[in-house]
Amino acid sequence: MPALWMGAVQFLFGAVALVLHDDSIAESFLIPGGLTLLAAGVLHLVLRTRIHQISYRDALVFATLTWVLTGVLGALPIRAVTGVSFTDAVFESVSALTTTGATILSGLDDLPATFLMYRQFLQWMGGLGVVIFVVAVLPMLNVGGMRLLKAETSGPVKDDKLSPRITHAAHSLWLVYILITLGCALAFFLGGMSVFDAIAHSLSTVSTGGFSTHDASLGHFDSHLILNIANVFMLLGAISFGLHYRILQTRQLSRYWRDEETRVFLLSVAAISLLLALYLLWHQRYQGFWEALSFATFHLVSFITSTGFGDQDLTSWPVAAPVALILAGYLGGCAGSTAGGSKFIRNIIAFKTVRSDTMRLLHPAAVKEIRFQRQIVAPDIRHAVMAFFSFVAASSLLFTLALMGTGLDLLSAFSAVAACLNVLGPGLGQVGSNFAVVSDTGIWLLSAAMIIGRLEYFTVLALLVPAFWRY
């Protein structure tokens, strides 16, 4: 199924290139798209089976192989159009599909429009795939505490389902995703973008992907209005789409505030943005408060939602500011959204767990239950959350050391790993503009990091445990 879909998408873009008389790149889409459709169709006919239910093991294997397969297939037109190596093409494709937004390309302004829209569409397609995966598969597996999505939050697999069947739930999420994307495109157009740029950037904004049709990203438009529009839709993309659907049904906007994860997420964005603006003013990077607040808020939202859009040259900021933005990427958005990072549902539970354990040291006899959304958080969920953060730290360390072994300095290696594990996109130092300087070995490592981070660590790492295949 993923191969059929990818082949259809490539064939469609090939047809669009022909209609637009962009014959020079049409075959770059039509040939791989046609071959993929043919191969996938034959395999489907030969191996077709009716699957009524899948096991946890099947879900993990299928999810991982889907991202790997689509990443490789999506790279074929990229390599054909740009002439980059297969390694770099796979990196670009995986970056798009995982909504990371890290790129090895430059000179985007001069590339064919059809190809640029293909990159944007891959991000939009990957974003919805992430939403379906996170709200449908992870709660079954309790990956890093994500069973809370089933027990305590809106989602298609909790007892009060979005719809009686998962297919209907997927259609509901499609509807919300498309409506927000259309709203974003219209807002960008009214804000001053061309029709092409408005559509292209709406695809990568709602998916929190961060690809742009310009090397200067949103800085190309030199507009605070554009930045503020992007802020709104990046935040919408980083909030649970299950929650969006509930609000669409009930017309009760107050649900955003009543949802604990969303409330803490929005308050954190506001507080960190204000602190960052004051820090930039203190270092006299900007003269006016509102200018500093506008740029600080945009970049903070871009990083914490793992979108990765840029406007200002972060190398001109005091060094602590861009490092703080990279660290904000680890916080992430809300569960059930397109955002990367650790997700605020885990951040909240981890904070409450540490606070509870600290209070227990001071008052050993005290009995303090940890609650999320007024419901008691079970011990196994707390343990899963803390184990998740251990994997985040260990993965960051190991990947950073491996990248340094390929020749990158500490700052460049750490920011590259943080950008890929958190599906964030931009890095610092040698990878500040793009990832073209990274060796082939490093590129494959970062491609793996993007898939591991996108699939919430345990989903991929479980496949490496021998016991997983024995039982």
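Helices H13 (residues 260–282) and H15 (residues 320–331) have axes that come within 11 Å and cross at roughly 170°. That crossing makes H13 roughly antiparallel to H15 (angles over 145 degrees count as such). This is a predicted model: local features need pLDDT of at least 70, side-chain atom pairs count only at pLDDT 80 or more, and totals for chains, interfaces and linings use all residues. Residues are numbered from 1 along each chain as its sequence is written, and side-chain values use heavy atoms, with hydrogens and water left out.

**H13 and H15**
- From H13, Ile272, Leu276, Tyr279 and Leu280 meet Ala320, Ala321, Leu325 and Leu331 of H15.
- By class, this contact of H13 with H15 has 8 nonpolar, no polar and no charged residues.
- Axes are lines fitted to C-alpha atoms, for helices over the stretch in contact, and angles run from 0 to 180 degrees between N-to-C directions.
- Helices are DSSP runs (H or I, at least four residues), numbered from the N terminus.

**Asn347**
- Asn347 is found in helix H16 (residues 344–362).
- Leaving aside neighbours within four places in sequence, Asn347 is in contact (heavy atoms within 4.5 Å) with Leu331, Ser342 and Phe389.

**Cavity**
- A cavity is a set of points on a 1 Å grid over the protein atoms alone where a 1.4 Å probe fits but cannot get out; lining residues have an atom within 4 Å of a point.
- Gly341, Ser342, Phe388, Val392, Leu421, Asn422, Gly453 and Tyr457 line the largest cavity.
- That lining divides into 4 nonpolar, 4 polar and no charged residues, with Gly counted as polar and Tyr as nonpolar.

How values were computed:
1 Å grid on protein atoms, 1.4 Å probe; cavity = no way out; pocket = protein on both sides within 12 Å on 5 of 7 lines; lining within 4 Å. Helix = DSSP H or I, 4+ residues; strand = E, 2+ residues; numbered from the N terminus. Parallel < 35°, antiparallel > 145°, perpendicular 65-115°, else oblique.
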